[in-house]
Structure formats: C-alpha cells, structure tokens
Amino acid sequence: MFTYFLADDQYLYSTKFGFNTKKEFEQWLRERLNNRFYDFFIVKNNQLKSIGFVYNYDLSLIDGHCKLVVYIIDEYRKTGIGGFVATKFMKYLFAKYPIRKVYSTIYDYNQESLQSHIAAGFIEEGSISDYRYYHGTYHRIHYFSMNRKTFESTLGKLVK
C-alpha cells in the first residue's frame, strides 16, 4: 500500500501526501481509516497479489451520498478490472447504506477514466477549471455521479 500512495501515478486520484516513511504512512492511513474512509478494500488478482484499492469517503447519510475512489496499478488498467471493482463496490455501498447517490471526481488529464465513467452511465454534474496544477498546467476537475435507480437498472444488473 505504501508504494501505491507514493507511486508516480498517484496524481490520478489524489494530491501529494504528507508522508515519506512507512511509519508516517501507517499513521496517516490509520487516521484515515478511523476518521475519513468508511469502507476500504484492497483489490487482489487471482494469485492474491495486491493490484489496487477502493474506498469511499465523505459519507453523508443525511444527504444520502458518498464519494468513491478506485485505484488499479498500471499493468491491470485497460482490462476492465477497474470498472468491475467500481461496480461491485457500488453494489456493496447501495446495499450497506441508505444512500441515493455515489460521486466520483476525475481530472481532465485522466481521459481513460473520464471516458469509462461516461460509458458506464455516470452523469457529469459539473466541473471546475484550473483546479489542479500538474506538469506545468492547470487542469479541470469533473464531478460525476450515479444514483441508486440508474445503478440498479444498469450496472447493478451486471454483478452479483
């Protein structure tokens, strides 16, 4: 896990983190697991090797929504595993919590994720320009969502 959070491609899902050692990472992750992440799962392949993670945060039962993050290591991208993991996790979230909607944010430099969200039926609810500075340029952040009804009538039918 430590190497995933310090990997060069961590910019796909988050900003730089404030830790440099495994001990600092363990403290950071423990605090997040206790206070910010509600459900956190490590994704493993058929050989039980860790290939990523998925979690939700900003869960609001009053407002009926949460945010979702999926990270899959580079060698398993473009295989469909990220979409499968996201779909299974959303099914879990809608079954566990009385939420009506799941949100996901994506930066415009992550075109693969943008296109997969659109293809899966997520709705873009808005965006903010010049949100993140990366590789010498400011980038837009996009806010996507899928409500329970849409999920159940589309993606939810694909997984058990």
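**Exercise 1. Locate Leu48 and state whether Leu48 is buried or exposed.**

Step 1. Leu48 sits in the loop between strand 1 and strand 2 (50-60). Strands here are DSSP runs (E, at least two residues), helices are runs of H or I with at least four residues, and both are numbered from the N terminus.

Step 2. Mind the source. This is a predicted model, where local features need pLDDT of at least 70, side-chain atom pairs count only at pLDDT 80 or more, and totals for chains, interfaces and linings use all residues. Residues are numbered from 1 along each chain as its sequence is written, and side-chain values use heavy atoms, with hydrogens and water left out.

Step 3. Read the accessibility. Leu48 counts as exposed because its relative accessibility is 62%. The cut-offs are: buried under 20% relative accessible area, exposed over 50%, partly exposed in between (1.4 Å probe, protein chains only).

Step 4. Check the backbone. Phi of Leu48 is near 65 degrees, a positive value in a residue other than glycine.

**Exercise 2. Describe Asp58, then find which residues His65 touches.**

Step 1. Asp58 lies in strand 2. Its phi is near 50 degrees, again positive in a residue other than glycine.

Step 2. Asp58 has 35% relative accessibility, so Asp58 counts as partly exposed.

Step 3. Move to His65, in strand 3 (residues 65-72). His65 has a relative accessible area of 17%, so His65 is buried.

Step 4. List the contacts (heavy atoms within 4.5 Å). Leaving out residues up to four places away in sequence, His65 touches Asp58, Leu59, Ser60, Ile99, Arg100, Lys101 and Tyr103.

**Exercise 3. Work out which elements line the second largest pocket.**

Step 1. Recall the idea. Rolling a probe the size of a water molecule over the atoms shows where empty space is left. A pocket is an open set of points on a 1 Å grid over the protein atoms alone, where a 1.4 Å probe fits, with protein on both sides within 12 Å along at least five of seven lines; lining residues have an atom within 4 Å of a point.

Step 2. Take the volume. The second largest pocket holds about 160 Å³ of space. That volume is the space filled by probe spheres set on the points, with grid points joined across faces, edges and corners.

Step 3. Name the lining: Phe41, Ile42, Val43, Lys44, Val54, Phe84, Val85, Lys88, Phe89 and Tyr92.

Step 4. Assign elements. Strand 1 (37-44) and helix 3 (81-96) each supply at least two lining residues. Helix 3 gives the most, with 5 residues.

Step 5. Sort by class. The lining has 8 nonpolar, no polar and 2 charged residues. Nonpolar covers Ala, Val, Leu, Ile, Met, Phe, Trp, Tyr, Cys and Pro; charged covers Asp, Glu, Lys and Arg; the others, Gly among them, are polar.
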